Amino acid sequence: MRDDVTSSSYQRSTGSFDQSLTDYNVESEDTGMIYRVGQAAMIVSGVALVALAARRATGHRLVPQSLAQRASDAVAPAPIETAITIGKPAAELYAFWRRFENLPQFMRHLDEVTDLGDGRSHWVGKSPLGFKVEWDAETVEDRPNQLISWRSLPGAQIHNAGTVFFDEAAAGRGTIVRVSMELASANPVGQAVGKVLAPITERQVTEDLRRFKQLMETGEIPTIDGQSHGTRSFIGAHVHNPL
Amino acid sequence: MRAVCWNGKNDMRVETVPDPEILNERDAIVKITSTAICGSDLHLYNAFIPTIKKGDILGHEFMGEVVETGRGVKNLKVGDRVVVPFTISCGECFFCKKELWSLCDNSNTNAWIAEKMMGYSPAGLFGYTHMLGGYAGGQAEYARVPFADVGPLKVPDGIEDEKVLFLSDIFPTGYFAADNCDIEPGDTVAIWGCGPVGQFAIQSAWMLGAGRVIAIDRFPERLQLAQSWGRAEVINYEEVDSVLDVLKDMTGGLGPDRCIDAVGMEAHGTTLDAKYDKAKQTMRLETDRPHVLREAIMACRKGGTLSIVGVYSGFVDKIPMGAAMNKGLTFKMGQTHMHRYMKPLLERVLNGEIDPSRVISHRLGIDEAPWGYKTFCDKEDDCIKVVLKPDFDGRGHRQHPHHRHGTNGGNGAEYDA
C-alpha cells in the first residue's frame, strides 16, 4: 500500500515536471526527450501510472465551520495548505503581514490592498488567468503574533477565506508560517474553472510564502527580471515565469 | 557588451547584449578582467542539463573590478578588485548560517523547478540554467552580482589575475573534495579525473596530510601535470586492464582510503558498464553516466570515504549500493561551500604555497570562446584550462577597453557613452 502511494506520487510529480519544463526545453529537444522517454520506460517496467488530474490530496479543514459550509455549497476545489519556515520571530512576521498594504510586495496575484478600518479591507488583484478581480474582506479573527483569519464578504467574485498561522519552530529555527485557505466561485463556470486552476493557485500561494521568506530574511526578493541576455528564440522571448 | 551565449547543443556564440544593471539593492556590477570555462560548463555545452534557454549568458568563474554598487552594499566600493564565487548566497538563511553556502534557501529565483527535481532547491548559481536561478553568467565584459555584500572576495593589487581567478570555483572545489575525505595523516587518496578540479584536489590532498596520492585519467597532458605539478602516481585507465586491480595492487591489497570523483555525469570508460551508460544515455533512458562513481565505490577500502564533486544532474543506473553499504563507506558530496574556503585559500596563494595558474593551457579573447569550448570539450591541443580575457583580441593584444553604457543607479561611477 505504501509503495502505491510513493510510486503514484512520484508519477504525479514527474508528470507535472514534464509539463512545467516544456517551456525551457524547446531549444534543447534532446534533454526534454530524456525525461519523456525515461518516464515511458518506467511505465513499461511496471510502475503504476496514476492520472495527474485524478490525484488530489485533501487536507485538514482549518477554516471556520460556517465558511466550510459556504465553500461546500459552492463545490469548492480542494483547500490550499502550505507552510514555510522563516528564520525570524513570529512577532516580526505577524506585524509585517498584519499591515495588509505590505502583502502585494510578495503576493504576486495582488496589486493593492487597503485597510478600511473596523476589520474590513479592500483587495485588488489578478486571477490565475490574468483577469482583474476586486473584493472586500473582513478579519474574522486576529490574535497578535499567532494568527490572522479572514474571509471575503458577500458579493465577491471569488469567495476566499483562510487563516495564516505563525507558530514557533523548534530548535530556535524561527517561525513556521502556515496558510490554510479555500476558494469558491459564486457561479458554475467559475466553479469549474476554479477546480481546474486549483493546482496552480496552491503553487502560487506556496511561491508567495517563499517570497515572504526571502523578503523577511534578506530584505529583498531575488530576481532576474531586467538582466542581460542574448537573442531569445520566439518562445523564449514570450514565455515568462508565471509565478 | 560582448557576452558568451548558449544557442543550442555545441553552439556557443558571442553576442552583443545590453550591459547589466543594478536590479536589487544588494547587487553590485563588476567589470570582468578575467573569466574561465569550467568542466561543468561542458555539460551545458553538450545539452545534458535541462532548463537552459537560447540566449542565456554562461560563465561562473570570474573576477574583476567593482564599478557600481546598490544601496544595500556597504562593504564594497567602486574600484575594489574582487573574485566572485560561483554560488550565490544570501548570508541570512538557515543554510548560509550553518556555512552550507551552496544550499542557500533564498537565492534561487526558480526554486520551484529545482524542487520538482530534487525535493528542495539548492542555491542559485551564475550562468547555470533556469532551474538554478537563471542568473546571467560571467563569460562577458560585465556581470551583475546579487548579494554582493556576501559573496565577492576582495583581493589585493600586485598579484596577477591568473593566480587568484580560480578562487571563484575550481580551487575551492578541489579543496572541498579533499576536505570532505576527512584525510587522516598518511592516507592514500585516489582521485578520478585530472582536469583542473582534479589537479586542485591533488594539491589539496597533500595540504591536508595525505601520504600518497594516486590520480586516474587517460589524457597524457593531464596525467603529466598530475605527476610534475601534483607529485601524484598516475594510472592511465586506457592502458590497464582493470583500474580496480591496479589500485588494489598498489595499496598492498587494502584499497585507497579516500576516493574522489572529480569527473561526474559525463564519465568515459572502456569497461562494459561504461558502454551500457553511453548506450542508455543515447537512447535517453539514463540521464547521467556514473561510471566513475561505480568504480570508486568498488575500489574504496572498507570503511573509507567517497567524496563527490563531479557534477550530476539527474538519475543514474546500476549503482553497487550493496558494496557501498556492506563496506561501510561514507559518502560526502555537494556543490562547494565557497565562502568557507575562499579566504584561507587566498592566504595560501599570497604566501606562495601554490600557484593556481599552473592549470592554464589557453588564454583567449572573448570572441574566441566558441573555439575555446570546442577545444576544451574535445581535449584537443593539449587543452586543460581555458581563460578568457575580455580585453584581449585573441592575439594577446589589448583592445580599446569597453566603456560601459547604461544608467547610473546607486553610487556608480560616471562613464562616457
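**Entry 1: domains of chain B**

I began with the domain assignment of chain B, which gives domain 1 (2-169 + 336-389) and domain 2 (174-333), the bounds coming from an automatic or database assignment. I was working on a predicted model, in which local features need pLDDT of at least 70, side-chain atom pairs count only at pLDDT 80 or more, and totals for chains, interfaces and linings use all residues. Residues are numbered from 1 along each chain as its sequence is written, while chains are lettered from A and ligands numbered from 1 in the order in which they are written.

Taken over C-alpha atoms, the centres of domain 1 and domain 2 of chain B are separated by 26 Å. For the contact between them I found 18 residues from domain 1 of chain B and 16 residues from domain 2 of chain B, two residues being in contact if their C-beta atoms, placed from the backbone, lie within 7 Å. On the side of domain 1 of chain B that touches domain 2 of chain B, α1 (39-45) and α12 of chain B each supply at least two residues, and the largest share, four residues, comes from α1(B). Helices (H or I, at least four residues) and strands (E, at least two) are DSSP runs, numbered from the N terminus. By class, I noted eight nonpolar, six polar and four charged residues on that side of domain 1 of chain B; Ala, Val, Leu, Ile, Met, Phe, Trp, Tyr, Cys and Pro count as nonpolar, Asp, Glu, Lys and Arg as charged, and the others, Gly among them, as polar.

**Entry 2: cores**

I then looked up the largest nonpolar core, which has 126 residues, and those with the most contacts inside it are V30(B), I191(B), A201(B) and A215(B). Such a core is a set of buried Ala, Val, Leu, Ile, Met, Phe, Trp, Tyr and Cys residues joined through C-beta atoms within 7 Å; a residue is buried if 20 or more other C-beta atoms lie within 10 Å of its own, exposed if 12 or fewer, and partly exposed in between, with C-beta atoms placed from the backbone. Domain 1 and domain 2 of chain B both give residues to this core, so it lies between them. Apart from it lies another core, of 18 residues, among them I86(A), F106(A), A137(A) and V179(A).

Leaving aside neighbours within four places in sequence, I listed the contacts of A215(B), which include I191(B), C194(B), G198(B), I202(B) and A226(B).

The buried residues of α12(B) are M338(B), Y341(B), M342(B), L345(B) and L346(B), and what covers them includes β6 (87-88), β9 (153-154), α4 (161-164) and α5 (170-179) of chain B. Just after α12(B), I found that G352(B) takes a positive phi of about 85 degrees.

Helix α10 (residues 291-299) of chain B is mostly covered, with eight of its nine residues buried. Among the elements that cover the buried residues of α10(B) are β10 (188-192), α8 (243-250) and α9 (272-282) of chain B.

**Entry 3: two loop residues**

I found N7(B) in the loop between β1 and β2 (12-16) of chain B, partly exposed, with 18 other C-beta atoms within 10 Å. Not counting residues up to four places away in sequence, N7(B) touches M12(B), R13(B) and K54(B).

K327(B) is in the loop between α11 (321-326) and β15 (330-333) of chain B and counts as partly exposed, with 16 C-beta neighbours inside 10 Å. Beyond its neighbours within four places in sequence, K327(B) is in contact with C300(B) and K302(B).

**Entry 4: the chain interface and confidence**

I looked up the interface and found 49 residues of chain B in contact with 40 residues of chain A. On the side of chain B that touches chain A, β1 (2-6) and α3 (111-118) of chain B are the elements that give two or more residues, and α3(B) gives the most, with five residues. That side of chain B divides into 22 nonpolar, 14 polar and 13 charged residues.

The model scores ipTM 0.90 and pTM 0.83. The mean pLDDT of chain B is 93, and 94% of its residues reach 70 or more, pLDDT being the predictor's confidence in each residue, from 0 to 100.
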